[in-house]
Amino acid sequence: MNESKKVLFIVNKYSGTEYRPEVEGRIIEACEKQDIECTIEFTQGPGHATELAQQVVDHKMYDMVVAVGGDGTVNEVAKGLLHSSIPMGIIPKGSGNGLARHLGISTKIPLAINYLFNSQTIAMDTFKVNGKLSLNVSGIGFDGHIANLFGKDKKRGLQGYAKLTISEFIRFKEFEAEITTENASIKRKAFIIAFANSSQYGNNARIAPAASVCDEILHVCYLQKVPAYRLDFVYNFFNGTIEQSSFCEIHTAKKVNIKLNTPMAFHIDGEPCGVDDHFQIEIVPHSLRINVPKHSLKF
Ligand SMILES: Nc1ncnc2c1ncn2[C@@H]1O[C@H](COP(=O)(O)OP(=O)(O)OP(=O)(O)O)[C@@H](O)[C@H]1O
């Protein structure tokens with residue numbers, strides 16, 4: 001495990017559909033076998049994971065920090081570790097686990113724990129949306145709207161998400177955007193504009209199949225409102241072939257400036273962030289050290 005000896009596990013009990021106390025037992029057992037000194041801390045509320053990770057950086061107390069949760073928890077831990085030499089690990093325990101899935105980390109907890117001790121460290125890109133850190137996929141429009149509703153609703157899991165998405169889909173309208181990147185200035189009508197560092201939102205819903213977290217590039221994805229009968233779009237979305245769909249256009253850029261005709265809800269790594277009508281997005285190359293399974297070849 002890259003000579004890590006002392007490891008802090010930051011556990012968000014509220015990630016995913018239910019609290020799974022057996023996870024802590026498995027972590028302790030695996031660490032004992034590997035002769036790793038482990039500490040487990042539970043998050044006490046939003047933002048706490050960042051404070052814990054920041055303390056590790058300030059006092060150099062651990063060799064690795066592991067986020068045990070979903071993309072929101074991973075984001076909070078990364079905020080504390082950004083630009084430091086301390087690597088982050090992930091044990092995916094959220095509802096979507098987009099970044100973990102992209103990196104080839106198993107969503108089967110025992111396997112994810114084993115891979116932690118058989119990993120390689122990479123320096124992944126992150127990006128900023130209006131100054132806020134994002135690691136995975138962030139977006140404006142319908143997905144932001146759903147994240148805002150989902151956050152308030154407190155329901156977790158694919159079923160709750162799907163129900164809410166269907167009921168809101170009919171009423172949500174496309175918006176107009178002026179987009180400027182280092183490559184071009186364009187205007188688009190969109191239902192969603194997503195900024196993808198990794199390939200997927202989570203649950204293998206691949207918004208940017210060709211994305212890599214190490215290429216210093218963001219994939220900017222414009223989605224039109226898809227008629228409900230176009231099930232082929234859903235197939236493309238989950239099959240990694242969304243680029244073949246006429247409803248989706250994907251550009252690449254390092255820096256993006258967006259002005260909207262009306263304020264829109266947005267989300268960062270699935271977490272609701274309110275509304276805005278002006279967005280500045282910028283890649284931050286190789287800013288986070290992260291441990292991925294040795295067998296992962298493409299990230
Ligand atoms: N003790 C706590 N009580 C309530 N909420 C918490 C606590 N600790 C962390 N949180 C919040 O829980 C939220 C959800 O976490 P997370 O994203 O990890 O799970 P998820 O939404 O189920 O997974 P995913 O994002 O992969 O779908 C985050 O916004 C985080 O700030």
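**Ground rules.** I number residues from 1 along each chain as its sequence is written. Since this is a predicted model, local features need pLDDT of at least 70 and side-chain atom pairs count only at pLDDT 80 or more, while totals for chains, interfaces and linings use all residues.

**Domains.** I looked up the domain assignment and found domain 1 (6-124 + 288-293) and domain 2 (132-285); such bounds come from an automatic or database domain assignment. Taken over C-alpha atoms, the centres of domain 1 and domain 2 are 26 Å apart. I then checked who touches whom: 18 residues of domain 1 and 19 residues of domain 2 make the contact (C-beta atoms, placed from the backbone, within 7 Å). On the domain 1 side, α3, α4 (98-102) and β5 (119-129) each put in at least two residues. Helix α3 gives the most there, with 6 residues. My helices (H or I, at least four residues) and strands (E, at least two) are DSSP runs, numbered from the N terminus.

**Ligand.** Next I went to the ligand and found 23 residues around it, with P46, G70, G72, G94 and G96 the closest (near means a C-beta atom, placed from the backbone, within 6 Å). Both domain 1 and domain 2 send at least three residues to this shell. Helix α3 (residues 71-81) turns up again, with the largest share of the shell at 4 residues. By class I get 2 nonpolar, 17 polar and 4 charged. Ala, Val, Leu, Ile, Met, Phe, Trp, Tyr, Cys and Pro count as nonpolar, Asp, Glu, Lys and Arg as charged, and the others, Gly among them, as polar.

**α2 on α3.** I followed α3 to helix α2 (residues 48-59): they pack at about 30 degrees, axes 7 Å apart. Axes are lines fitted to C-alpha atoms, for helices over the stretch in contact, and angles run from 0 to 180 degrees between N-to-C directions. So α2 and α3 are roughly parallel (under 35 degrees; over 145 is roughly antiparallel, 65 to 115 roughly perpendicular, the rest oblique). Residues in this contact include A49, L52 and V57 of α2 and V77 and L81 of α3. I count 6 nonpolar, 4 polar and 2 charged residues in it.

**α1 on α5.** Last, I checked helix α1 (residues 22-34) against helix α5 (residues 109-116), and their angle is about 30 degrees with axes 10 Å apart. That makes this pair, α1 and α5, roughly parallel. V23, R26, I27 and A30 of α1 meet I109, P110, I113 and N114 of α5. The contact splits into 6 nonpolar, 1 polar and 1 charged residue.

Note on methods: Contact = placed C-beta atoms within 7 Å.
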